[in-house]
4 protein chains.
Amino acid sequence: MSKTIAISTGGGDAPGLNAVIRSVVLSAHQRQWKCIGIRNGFNGILSPSEFARHGGGTLELTPDTVRGITHLGGTILGTTNKGNPLHFPIVHSDGTISEIDRTDEIISTFSSMGIDALISIGGDGSMEIAHVLAQKGLQVVGVPKTIDNDLEKTIATFGFETAVEFATNCIDRLHSTAEAHERVMIVEVMGRYAGWIALHSGIAGTADCILLPEIPYDINKVIQKIQEREHSGSHFSIIVIAEGALPKDGSVSVIGQSIGQAVRLGGAGEKLVKEIEHHIQKETRLVVLGHLQRGGMPTANDRLLALRFGASAVRAIADGHSDVMVALDPPHVNTVPLSEVTRRMKRVPIDSEIIQTARDIGISFGE
Amino acid sequence: MSKTIAISTGGGDAPGLNAVIRSVVLSAHQRQWKCIGIRNGFNGILSPSEFARHGGGTLELTPDTVRGITHLGGTILGTTNKGNPLHFPIVHSDGTISEIDRTDEIISTFSSMGIDALISIGGDGSMEIAHVLAQKGLQVVGVPKTIDNDLEKTIATFGFETAVEFATNCIDRLHSTAEAHERVMIVEVMGRYAGWIALHSGIAGTADCILLPEIPYDINKVIQKIQEREHSGSHFSIIVIAEGALPKDGSVSVIGQSIGQAVRLGGAGEKLVKEIEHHIQKETRLVVLGHLQRGGMPTANDRLLALRFGASAVRAIADGHSDVMVALDPPHVNTVPLSEVTRRMKRVPIDSEIIQTARDIGISFGE
Amino acid sequence: MSKTIAISTGGGDAPGLNAVIRSVVLSAHQRQWKCIGIRNGFNGILSPSEFARHGGGTLELTPDTVRGITHLGGTILGTTNKGNPLHFPIVHSDGTISEIDRTDEIISTFSSMGIDALISIGGDGSMEIAHVLAQKGLQVVGVPKTIDNDLEKTIATFGFETAVEFATNCIDRLHSTAEAHERVMIVEVMGRYAGWIALHSGIAGTADCILLPEIPYDINKVIQKIQEREHSGSHFSIIVIAEGALPKDGSVSVIGQSIGQAVRLGGAGEKLVKEIEHHIQKETRLVVLGHLQRGGMPTANDRLLALRFGASAVRAIADGHSDVMVALDPPHVNTVPLSEVTRRMKRVPIDSEIIQTARDIGISFGE
Amino acid sequence: MSKTIAISTGGGDAPGLNAVIRSVVLSAHQRQWKCIGIRNGFNGILSPSEFARHGGGTLELTPDTVRGITHLGGTILGTTNKGNPLHFPIVHSDGTISEIDRTDEIISTFSSMGIDALISIGGDGSMEIAHVLAQKGLQVVGVPKTIDNDLEKTIATFGFETAVEFATNCIDRLHSTAEAHERVMIVEVMGRYAGWIALHSGIAGTADCILLPEIPYDINKVIQKIQEREHSGSHFSIIVIAEGALPKDGSVSVIGQSIGQAVRLGGAGEKLVKEIEHHIQKETRLVVLGHLQRGGMPTANDRLLALRFGASAVRAIADGHSDVMVALDPPHVNTVPLSEVTRRMKRVPIDSEIIQTARDIGISFGE
C-alpha cells in the first residue's frame, strides 16, 4: 500500500543526519512511498510563513533531492529550534509569554497533507514529542540522535563516533606540544550528563586523567597524578574533562533536575585550570573543542549506522509499528518502545569494563 | 601473586596491535607482573639465533618500552611468520622438507624462562596454536586479530574499522573522478572468505554494486545496474568487490576447503573489469587497495577496542582462565572458549539487516 | 563594461577544479559579468545534442550554482573528452575516420552566444587549444591544471599537492606493514614524463629509493640499496616509482616524442617487482595508487591556489589580456604568454636542491 | 674535513621540527660529521644539571636516534624555554632578579666540547641569539621556524601549512552546524602580529569575514556583512579572526613595540562575540583553536620543506657560511644574512594579490 511519510530532524547538529534522511527517502522510494521533509524540526509545520522564501515549510524529498549527501555533515532539513511543540512559547500583546501544546495542530496538519506516518530523528526531547504524537494516534517511529551517546536502549548513536574520532585526533595533536613545552594540557569535550566522549577519546588518546560527570573528581588526586608523572620524568600531562564534570566538594546533583531543561553547567575546563594553577606551579592550558565536535564528515561507521537506522525506520513503518524507536543492539537494529527511552539517560556505568580498562592502564579518574 | 607473562603477535599486520601490547604491559605492570615479548610470532622462541642482532628472540616489555605506541600501526614485536609451530618445516640434508610439531618445545622453553602464561594475539591460525598450547597445560588467553572481521564469537576485531574507514575514504575519492570522466570504477578490497570490508565500506561509500564472497554474482545483473544508472542520467558507477568474490557460474565452493590453508583466489577485480568491458562499451578502471588496508594509524574506536582486549586478557589470566579468547559482546568484553572459535569463520549472513539496508537504498549485490 | 565569459574544464580530473570555477564566477559576479559554463571540455559546444537531458551543452553559472563547491573534488562541468577541437574525429559512412579542426566553429558559436572571452582550465592540450583560439581573435586566458605538476612557467598547479599528500599518507601506511612483514613495498604513483609526485611524496614519506622518469635507474643499484638496509638490520624497504620511470638499459627516450600523444609506458611497478624478485629472495609487493590520486578534497593550499588562479584569470580578462596563462611565481600570481607554455614540459631538474636533499638524507635514485 | 655540529630547537612547538633534526643528522652523517643535540633550546648547555635524569643536557644524535621521526610532531630535543641567553634571569639572594648575557658561556662550552658549528632552529628570538653567537665567532646557520609564517626573507616556514590545513578543516566542520543552527560562528586562529593563518584558512575554508592584525576592522562593516547574508537567505556566517586582530577605534599600534616582548593582546574572538551580540540579535559562538594549531603530524609539504631546510643548513656549514639563515625562495632554498632577518616581521601586504582574491570572491575584511 502506498504511503506518504514525513521526516523531521530535531535538536542539535550531528554527523550522519543527512545519511538517515537519504536512507529513509531511498527506502521509501523502493516501496513507491512519498516522502515529505519538514524544515527546522516542526517549525516548518508550526510556522510555515517563516519559510516563504524557501517555498514553504515542507518539501518533497526524492532520490534526486538526497543525492550525494551521505557523507555531508549537517542536515538538508535544518534543525533550528524555535519552539518545542509540547511547550510552544506564545508572546502576548502585553509582553508576557505563555506556553501551549501544539501537538494536535501537527496531527491535523499531517492529516490535511495526507501524511500517514512520521519518522522523527532527534534526541531525548524529540523522542518525547514523538511519543506524545504516537499516543495521539499518529504512526511514529523515532531515530535516536545524540552526539553525547546518552540515549537509553541503544548501544550507540551516529555522530558519537565521529565526535570521538575528532576529539582523539585533537588529543593526539596536543601530546607533542605538551611534552615539548612541559605543560599540563586540558581538553574540554562535550558531555553534560554523560561522559562517553571524554571516556572514549581520553582512553584512545592516552590521556593521563579523565574527568566525567559520573565520577565527581577530587582535585588533590588530579594534582597527585600530575606530580607522579613529574617525578617519573614525564614533565607534562594531558587531562580530558567532560563539560559536565564537577569537583567532589562543589558537586551539584543533576539527578533531581529535569533533563529536558538545558542546565548551564559550563566552564568545567576553566575551573580546572584555575584549581591546578592554584595548587602547583605548572603552566596549564585549556582547549575547548565545543562546536567542532558537532560538525564534519561522518566516519564510515557512523554513515553505516545512520543508513541502517533510516532503512530500519521505514521497515518498522511498513511493518505497522508505532510509538517505537530504532536502536542498535549489535549485530542487530531492532525497535524499542518510546516509553522506555524518554526521560531517562544512559550514563557511563562506573564499574564498567571500559572504566576498569582505563584504570588498568594507569588512567586516573580523579578519585 | 606475581607472574611472568609472554606476549606474541602472529599472522598479518593490523592497526591496533601495538595498543594491545601496551595495554597488556601496563595492566600487568599495575599487578607487578613481568612481561616478556616474543619476536615475530613464535620465531623468537623457535629460532632465537635469527635475532642475535636484536639481543635475542625475546625482550622484557616495561611501561617505557611501550610508551607512545597506542596510535602507531604495526607491532613492535614483528609478525613475520617463518613457520607454524604445529607444522614447522624442517629441511633435510637431501633437500626434502617435512613438518614437525614444536609446541612441546614452546612449553618447555616458557617453563625454563619462568613464564606462567601466554597472551597470544592473532587470527584463526594463532588461536589454533593457542588452543593446542592450552590443552597441553599452559595458561593461554587469546586476543582476536583479523582485518577481515571473520573470526567467530566476537562482534568486532580491532583493525577492521580502520580498514573500512580507509576503504570508504578511497571510494569517496573515486566518486568525483568516476563522474567527471563517466567511468565505471571498481575498488577491490580485502576479504577472502568474508565480505565485511566490502559490505561496510561499500554502503558507507555509497557504491552502486557490492560483490561479496557470500553472494556469487551474476555479471548480467551487474551490467544491468550500470545500464539502469546510465539511463537515469548517471553516466558512472562505483563497484566494490571483495578479493574473494566470485561470479555465479565460475563459482568455486570454499566451504569444503580447510580455512587454514591460504587459497589464492586472486584477481577478482581484474576479472570483473574484463567481464564488464566484454559486455558493454564503458571505460572501466580498477583500483586494488591491497596492503594499504593493513597499515596506518588505528581509528579511535580500534584503539579503544585493542586497549580493552589487552586489559581484559590480563584480567582473564588473573582470574585463572585459560584456553579462552577475549571477545566483544557489546557493551561487554567477555571470554569464549578457544574451541568454539577455531576452524570456523564468521561470514556475512546474507539475510542480515545490513544486507537488507543495502538493498533498501538501491545497492545491487549482483543477484 | 559588462561582459559574458565562458568557462571550460578540459583534460582529467583534479582536486581544485570546482574552486577555480567558483572563484571565476564570484569574481565575475562582483563585476556584474555573466558566466557561461561549457559542459565536458568543449563538447558542450561541439556536440550540444548529447546534453539534451541536462538542458543543453552550456549553463549559466551564478553564485548560487557554485555555492559550497570549493572543497569538493571533481568539476561541476565534467571533463569527459570526446574529441580535441583541433583534431576532432569524424567517422565517415564507409567507417573510415578523419580529423578536422573545429576551432572556427567554437569561435562562431561563442560569438552567436554573445560570449566575449574564455577562461580555459586544463593541461598542456587545453593550453594549446586556448592558444589557437586566442590567435584567431578570441580573448582567452588559460588556467593551468595538472596533477603531475609538469606544466612550464608555473611553480605549482592545484591538485598536485593534494596528490602528494595522499601518496605520502599511503607510504606512511605501508611502513609498519613492510617492517612487520619484512618486505619490499613498491608504490607506483602518477608521473608519466615528470617525477614530481614521486619525488615529493617519496621524500616526505621517507622512502628508501625513488625512481623517476628523469633518472633512468640501474636495477643493481636498487638491489644494492635494499641489501645495505638488510645488512644494517632494516629488513624492509620502501620504493616509490613514478609510472614513467624506466630502467637504464631498457630506456626509451621520451624527449623526441610528441608530448600531446599519450604514450602508454605502463607497468613500471610490475616490471620492478619482477626485477627485484629475479635478483634477490625477498617478498616484494606492489601498490598502484592510480585514480585515487586524482580525486578527493583539495588541501587548503590547493583550494587557495585554485581560488587565486580563478580570480586572477578574471582580472586578466578585465585588464584586456589574452593568449596568456595565469601562473604561480611566489608570492605572486602573474600571467605568461601561452606560446611559452605549450609543447614544453617542466621536468625535475636532476641537479636541483630537492634532489640533493634526498641524496643527503640517504635516498637512492637507483643511479 | 670532519666536523662536530650542534643542533638546538628554540621557541614554541611546530610540526616539522623533528624532520629538520633528522635531515641535519643524516646529512651530517653522510659527511661523517658528528651531531650533538642540545636539550630545551640552550638550557641543556646553560643549566645542564636539570637534565641529570636524562643523562645530561646534550646527547649525540645518530641515524638510529632520528629513525622514524620525520612525520612526528614535537621535537625530540624539547623546546621549554627557561631563559634567553641574551637576557638570562638571575635570582639574587634578596629576591631581586637581574639579567645577564650568557652567550660567551655558550661559545666557551661549545669550544670545550669540540663543537665546530651550530644549527639553530627557531623563530625571531632564536635568530637574534644565533646572530650574536655568529658575531662572536661561532659558525652558525639558522633554520627559520614560525607557525605564524611571520619571519622575513623566506616565503614559507614549515608548520605554517600544517596549521592552515588544520584550521581550514575546523572551519569546514563548522559550516554545517552554523547553517543547521542559523548561527554566526567565529574561529580564532593564531597570528599575533601577522594574519597569514587567518587569511589562508579563511579563504580556503570560505569564511565570510576575515579579520587580520594588518587591517583594523570596523564592527559595523562586519555586522553589515552578516546582515547582507541574512537578507540573501543565508542565515549563518563564518568569521575567522586572528588572535591579534583589533577593531579600528580600539586600535593599539603594535609597530612601536619591541617584537621580542610577548604582548598579551588576547581575547580577540571573545571581544568580537560581545560586539556582534551587542549590535544584532543573532546567536554567536566562538571556537578558539589555540594549541591545537601547533601540534600534529606535519603535512607532506611541511615535511619536505623541513627536510630541505635541514639538509641545506648542513650544506651551508660545509660551504663555510655563517651568520646566515636558510630560506625558501621557490623553487630554491638559499641563504640570507641573519642581520636582514631579525627584529623585522613579514606581515600580510594589504594590497597583495591574495587579499585581492579574497575581495573578488566576496570576503569582507571588515573595512
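Let's start with the contacts inside chain A. Contact here means C-beta atoms, placed from the backbone, within 7 Å.

A word on the source. This is a predicted model, so local features need pLDDT of at least 70 and side-chain atom pairs pLDDT 80 or more, while totals for chains, interfaces and linings use all residues. Residues are numbered from 1 along each chain as its sequence is written, with chains lettered from A and ligands numbered from 1 in the order written.

Chain A again. It has 10 helices and 13 strands, taken as DSSP runs: H or I of at least four residues, E of at least two, numbered from the N terminus. The C-alpha trace spans about 70 × 50 × 40 Å along its principal axes. Buried residues are 59% of the 367; buried means 20 or more other C-beta atoms within 10 Å of the residue's own.

Now the copies. Chain D superposes on chain A with a rotation of 180°, 0.0 Å of shift along the axis and RMSD 0.0 Å. The two are thus related as by a two-fold rotation axis.

Last, chains D and C. Here 37 residues of chain D contact 37 of chain C. On the chain D side, α9(D) gives the largest share, nine residues. Other elements giving two or more include α1 (17–30) and α5 (160–181) of chain D.

Definitions and conventions:
Least-squares fit on C-alpha atoms with pLDDT ≥ 70 in both. Buried ≥ 20, exposed ≤ 12 C-beta atoms within 10 Å, placed from the backbone. Contact = placed C-beta atoms within 7 Å.
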